[in-house]
Amino acid sequence: MRQSLRCLTLASLGLCALLCTAAAPAESATPAPEPAGYRTSAYRAPVPATLNGRPALTTEQAAALWRQGRAVFIDALPQPPRPKGLPPDTIWHPKPRYDIPGSIWLPDTGYGELAPVMETWFEHSLQAATHGDRSRHLVFYCLADCWMSWNAARRAEALGYTQVDWYARGTDGWAAHGLPLEHREPRPRP
């Protein structure tokens, strides 16, 4: 209802279709089954409803953890690469990323296979974010229907982190609920 009223208000500006489409990500009709290992292709596709058999966090659950400051929120969305063929002297600005406030953006850590240098960087980044406490609560996310955060959360569990959750709806679901987002720069990667 609130979204419909917002669209009616903005209709005179011709922005309704754009805003309504962007604010309401489609939910997967049928969740994908959990793979035995990491997802290695088609990263923007229907995702499972679970991470290692545990249900993904709802927006309400993720927001409660965020408000209480009880978890470290980690965005695993890849960093957009510089377009191929762009002349070296051309200034390029990647699309800005808006995250759940206070998050850490660890780009390119959700691929199914990581180069050893990226695996080490991911592990050291998690150690820094948790001050070496592997029992610190971690919440991984990226966008709706994005396997990157699922892979990164699973990777954190493989590193021995014991309180790992996955917020499958990501910033799409967060924004659709009217929750705040803030501009985020990625952590410098190796």
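**Notebook: core, rings and salt bridges**

I began with the largest nonpolar core, which has 34 residues. Leu126, Leu138, Phe140, Ala156, Val164 and Trp166 touch the most other members. A nonpolar core here is a set of buried Ala, Val, Leu, Ile, Met, Phe, Trp, Tyr and Cys residues joined through side-chain atoms within 4.5 Å. Buried means under 20% relative accessible area, exposed means over 50%, and partly exposed lies in between (1.4 Å probe, protein chains only).

I noted what I am looking at: this is a predicted model, in which local features need pLDDT of at least 70 and side-chain atom pairs count only at pLDDT 80 or more, while totals for chains, interfaces and linings use all residues. Residues are numbered from 1 along each chain as its sequence is written, and side-chain values use heavy atoms, with hydrogens and water left out.

**Entry 1**

Helices (H or I, at least four residues) and strands (E, at least two) are DSSP runs, numbered from the N terminus. Helix 5 gives the largest share, six residues. I also found a second, separate core of 12 residues. Ala62, Ile100, Tyr141 and Trp174 are among its members. In soluble globular proteins, nonpolar side chains tend to be buried together.

Next I picked Val164 and left aside its neighbours within four places in sequence. Val164 is in contact with Leu51, Arg54, Leu138, Phe140, Ala153, Ala156 and Glu157. Contact means heavy atoms within 4.5 Å.

**Entry 2: the whole chain**

I listed six helices and eight strands. From the N terminus on, I read the order as α-α-β-β-α-β-β-β-α-β-α-β-α-β. Of the 190 residues, 42% are buried. The accessible surface comes to about 10,300 Å², and carbon and sulfur atoms hold 59% of that. Accessible areas come from the Shrake-Rupley method with a 1.4 Å probe; for residues, only the protein chains shown count as cover.

**Entry 3: aromatic rings**

How many aromatic pairs does the rule give? I got seven. Rings of Phe, Tyr and Trp (its six-membered ring) pair if their centres lie within 6.5 Å. Planes under 30 degrees apart count as stacked, over 60 as edge-to-face, and the rest as tilted.

Tyr43 and Tyr111 are edge-to-face, at 5.4 Å centre to centre and 80° between the planes. Tyr43 sits in the loop between helix 2 (16-23) and strand 1 (50-51). Tyr111 sits in the loop between strand 5 and helix 4, and the two are 68 residues apart. Tyr43 is buried at 17% relative accessible area. Tyr111 is partly exposed at 30%.

Why is the pair of Trp66 and Trp174 edge-to-face? It is because their planes stand at 90°, with the ring centres 5.4 Å apart. Trp66 is in helix 3 (residues 59-68) and Trp174 is in helix 6 (residues 170-176), 108 residues apart. Trp66 is partly exposed at 24% relative accessible area, whereas Trp174 is buried at 0%. I then saw that Trp66, Phe73, Tyr141, Tyr167 and Trp174 form one aromatic cluster.

I also checked Tyr38. Arg155 lies over its face, 4.4 Å from the ring centre. The rule needs NZ of Lys or CZ of Arg within 6 Å of the ring centre and within 35 degrees of the ring normal.

**Entry 4: salt bridges**

I counted seven salt bridges. Each is a side-chain nitrogen of Lys or Arg within 4 Å of a carboxyl oxygen of Asp or Glu.

Asp108 and Arg189 meet at 2.4 Å, N to O. Asp108 lies in the loop between strand 5 and helix 4, and Arg189 in the segment after strand 8 (182-184), 81 residues apart. Is Asp108 buried or exposed? Asp108 is buried, at 9% relative accessible area. Arg189 is partly exposed, at 37%.

Glu182 bridges to Arg184, with the closest N and O atoms 2.6 Å apart. Glu182 is partly exposed at 30% relative accessibility, whereas Arg184 is buried at 12%. Salt bridges that share partners join Asp75, Arg97, Asp99, Glu182 and Arg184 into one network.
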